[in-house]
Amino acid sequence: MFYDGFEKTKGDDNKLKDLKENRELLVYRSLNARSVLDEEALICLRQLEKGFQGEKYFEQWLKENGGDGIVLSDLLFEISGSFVQIDSLFIKHDKTYVFNVKNSEGDYFAEGERWSTPSKKEMKNPLLQLKRSEALLTRLLQDKSIKFPLKPFVVFVNPNFHLYNAPMDQPIIYYPQLNRFAEKLNQKRGRLTAFHDMLAKKLLDSHVEEYPFLKLPGYGFEGLEKGIICPKCIFLYTLFNNRNFICSNCKTTEPLLPAVLRAIGEFRLLFPEKRITTDQIHEWCKLVLSKKTIRKILFAHFKHIGRGRSSHFVDKKE
Ligand SMILES: [Zn+2]
């Protein structure tokens with residue numbers, strides 16, 4: 001489990017749109033380290049982690065096995081007032097593959113459009129989600145006057161997934177079929193041209209960073225445990241010897257600067273509306289006893305504005 005997303009700031013020029021933890025997952029991870037989540041939130045966190053692992057696996061798989069093409073992961077578009085999230089797009093010379101990636105595990109039964117577990121717990125039918133994605137994406141391309149075929153698939157990346165009574169004629173790729181799918185992807189060779197780069201660029205330009213209706217558990221600054229989270233095991237550091245933080249859980253040591261910058265990133269992620277001040281960050285980082293140290297870091301990495309009580313820090317670019 002890694003925890004490297006907190007340094008992400010606005011304007012991150014992620015040219016090819018590699019997969020990163022989204023805000024929802026990062027907030028849940030942070031709250032889990034700093035408070036006691038209820039059962040519902042814990043289930044949500046587990047699902048987000050699992051989905052992320054599945055998408056990460058598939059992104060890597062596509063890059064290694066898909067041949068020439070442009071991989072764009074985790075895109076969010078707003079099309080005529082509707083939001084659509086796409087796990088993965090793969091632009092090949094002759095078409096764009098649209099993947100809805102599922103990391104579901106265990107046995108499921110298909111009865112028509114209804115998919116459920118043996119205990120009758122229903123799973124959202126990913127084929128219906130896929131159809132919606134395809135329809136909205138088609139509209140997006142039309143709006144941009146781009147003619148290029150889309151080929152949608154649901155991909156089950158977990159080897160422990162099984163669907164009984166699975167429909168035969170549906171665009172589904174199961175884990176054991178991945179190798180054959182790779183052969184198909186590599187059968188027809190063709191060069192990527194400026195057109196494909198333009199298509200990728202237009203799609204990235206349309207990508208919106210954050211779903212505005214995220215449902216997050218309620219939290220506030222006061223209610224969260226302060227300190228800096230160990231990036232390896234996601235426990236709070238317990239020791240700081242004026243140079244390094246030391247994790248008593250996994251024995252990781254980390255120098256002051258990257259740890260404090262990550263904690264500031266996490267603070268901004270959790271509290272985008274709060275001002276960054278020396279006092280606030282000093283309290284947030286907890287183990288760094290010297291306020292002067294915190295102030296020095298803020299001055300070096302952010303732009304200082306205001307005076308006296310309104311003094312605070314913003315991005316250097318702002
Ligand atoms: Zn640790």
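How many bridges pair strand β11 with β12, and in which sense? In this predicted model, β11 covers residues 244-246 and pairs with β12 over three bridges, in the antiparallel sense.

Now the charged side chains. Side chains of opposite charge can pair when their charged atoms come close. The count here is 15 salt bridges. One of them joins K63 and D18, with the closest N and O atoms 2.8 Å apart. K63 sits in helix α2 (residues 39-65), while D18 sits in the segment before α1 (23-34), so the pair ties together parts 45 residues apart in sequence. K63 is partly exposed at 41% relative accessibility. D18 is partly exposed too, at 32%.

R262 and E254 also meet in a salt bridge, at 2.6 Å from N to O. Here R262 is buried, with a relative accessible area of 6%. E254 is buried as well, at 9%.

A further salt bridge joins D315 and R268, at 3.2 Å from N to O. It links distant parts of the chain: D315 lies in the segment after β14 (312-314), and R268 lies in helix α6, 47 residues apart. D315 is buried at 12%, whereas R268 is partly exposed at 21%. Elsewhere, salt bridges with shared partners join E21, R29 and E49 into one network.

Methods: Residues are numbered from 1 along each chain as its sequence is written. This is a predicted model: local features need pLDDT of at least 70, side-chain atom pairs count only at pLDDT 80 or more; totals for chains, interfaces and linings use all residues. Side-chain values use heavy atoms; hydrogens and water are left out. Two strands pair if DSSP finds at least two bridges between them. Helices (H or I, at least four residues) and strands (E, at least two) are DSSP runs, numbered from the N terminus. A salt bridge is a side-chain nitrogen of Lys or Arg within 4 Å of a carboxyl oxygen of Asp or Glu. Buried means under 20% relative accessible area, exposed over 50%, partly exposed in between (1.4 Å probe, protein chains only).
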